[in-house]
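Hello,

Here is the structure I promised to pass on to you. Please open it next to this message, and then read on for what turned up in it.

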Amino acid sequence: MARTSQIKRVTGETEISVSLNLDGKGEYDIQTSIPFLDHMLSQIARHGFFDLTISAKGDTHIDFHHTVEDIGITLGQAFEKALGDKKSIRRFADVSLPLNEALAQCVVDISGRAFLMFNVDLPKAKIGEFDVELVAEFFHAFAGNSGITLHINSPYWTNLHHVVEAIFKSFARALDHASSLDPRSHDIPSTKGRL
């Protein structure tokens with residue numbers, strides 16, 4: 001059975017559509033009108049081997065907050081739907097990933113319990129026109145709508161672009177592993193019998 005989904009979200013502030021294939025090749029078409037966010041979302045597709053199409057229009061003339069948050073919401077919903085009954089998934093993953101001097105770690109539990117621990121001390125600054133504080137907002141929205149527990153950490157970094165990109169890459173690799181199918185399992189990976 002194909003693990004795919006299509007989600008559309010329309011509000012008074014944004015219009016977002018997401019198409020996702022969990023078992024893809026890392027192909028993507030990302031159009032959000034926020035260049036740095038496009039770059040980060042492409043990391044999720046490429047390093048997670050997800051086929052991902054995202055189209056987003058939003059009130060970016062005000063700021064990027066609504067658009068970034070609503071993309072996180074919609075992408076989270078797309079993952080939740082594509083995971084289906086979650087039979088045979090590996091469920092857990094822990095990936096540490098360097099980008100030059102920056103080290104990022106993402107720990108994932110596809111648990112059905114939405115939770116985010118974001119232990120990265122990012123400044124109130126910009127990368128290009130992108131407000132760095134929106135990184136945590138994106139992951140909060142994703143976790144809350146995917147039913148996934150995320151722990152995101154960075155013990156050290158000096159370059160802001162490097163640490164944010166390392167976070168997205170480690171997230172992609174962890175999500176890929178946790179959502180992949182374990183050939184040894186034919187059931188829900190929980191003693192409860194459901195996630």
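Below I go from the overall shape to the sheet, the core and the charged pairs.

A word on the ground rules before the tour. This is a predicted model, in which local features need pLDDT of at least 70 and side-chain atom pairs count only at pLDDT 80 or more, while totals for chains, interfaces and linings use all residues. Residues are numbered from 1 along each chain as its sequence is written, and side-chain values use heavy atoms, with hydrogens and water left out.

**The chain as a whole**

The protein chain has four helices and 10 strands; helices (H or I, at least four residues) and strands (E, at least two) are DSSP runs, numbered from the N terminus. Along the sequence they follow the pattern β-β-β-α-β-α-β-β-β-β-β-α-β-α. The radius of gyration is 16 Å, close to the 16 Å that the globule rule gives for 195 residues, so the chain is as compact as a globular protein of that length. (That radius is taken over C-alpha atoms, and the globule rule is 2.2 Å times the number of residues to the power 0.38.) The C-alpha atoms fill a box of roughly 45 × 40 × 30 Å along the principal axes.

Of the 195 residues, 52% are buried. Here buried means under 20% relative accessible area, exposed over 50%, and partly exposed in between, with a 1.4 Å probe and protein chains only.

Two strands pair if DSSP finds at least two bridges between them.

Leu-103 stands opposite Tyr-156 in S10.

**The nonpolar core**

Which residues have the most contacts inside the largest nonpolar core? They are Phe-139 and Leu-150, in a core of 60 residues. A nonpolar core is a set of buried Ala, Val, Leu, Ile, Met, Phe, Trp, Tyr and Cys residues joined through side-chain atoms within 4.5 Å. H4 gives the largest share of this core, 10 residues. Leaving aside neighbours within four places in sequence, the contacts of Phe-139 include Leu-116, Leu-150, Ile-152 and Phe-171.

**Charged residues**

There are 10 salt bridges in the whole structure, each a side-chain nitrogen of Lys or Arg within 4 Å of a carboxyl oxygen of Asp or Glu. Three of them are worth a look.

- Arg-3 and Asp-23 meet at 2.7 Å, N to O. Arg-3 lies before strand S1 (4-10) and Asp-23 in the loop between strand S2 (14-21) and strand S3 (28-31), so the pair ties together parts 20 residues apart in sequence. Arg-3 is buried at 9%, whereas Asp-23 is partly exposed at 45%.
- Asp-182 and Arg-90 meet at 3.6 Å, N to O. Asp-182 lies after H4 and Arg-90 in the loop between H2 and S5, so this pair ties together parts 92 residues apart in sequence. Arg-90, Asp-182 and Arg-184 are linked in a network of salt bridges.
- Asp-109 and Arg-91 have their closest N and O atoms 2.6 Å apart. Asp-109 is buried at 12%, and Arg-91 is buried at 9%.

Lastly, Asp-70 is found in helix H2 (residues 65-83). Asp-70 counts as buried at 5% relative accessibility. Not counting residues up to four places away in sequence, Asp-70 touches Arg-9, Thr-11, Thr-14 and Ile-16.

Best wishes

Notes
Contact = heavy atoms within 4.5 Å.
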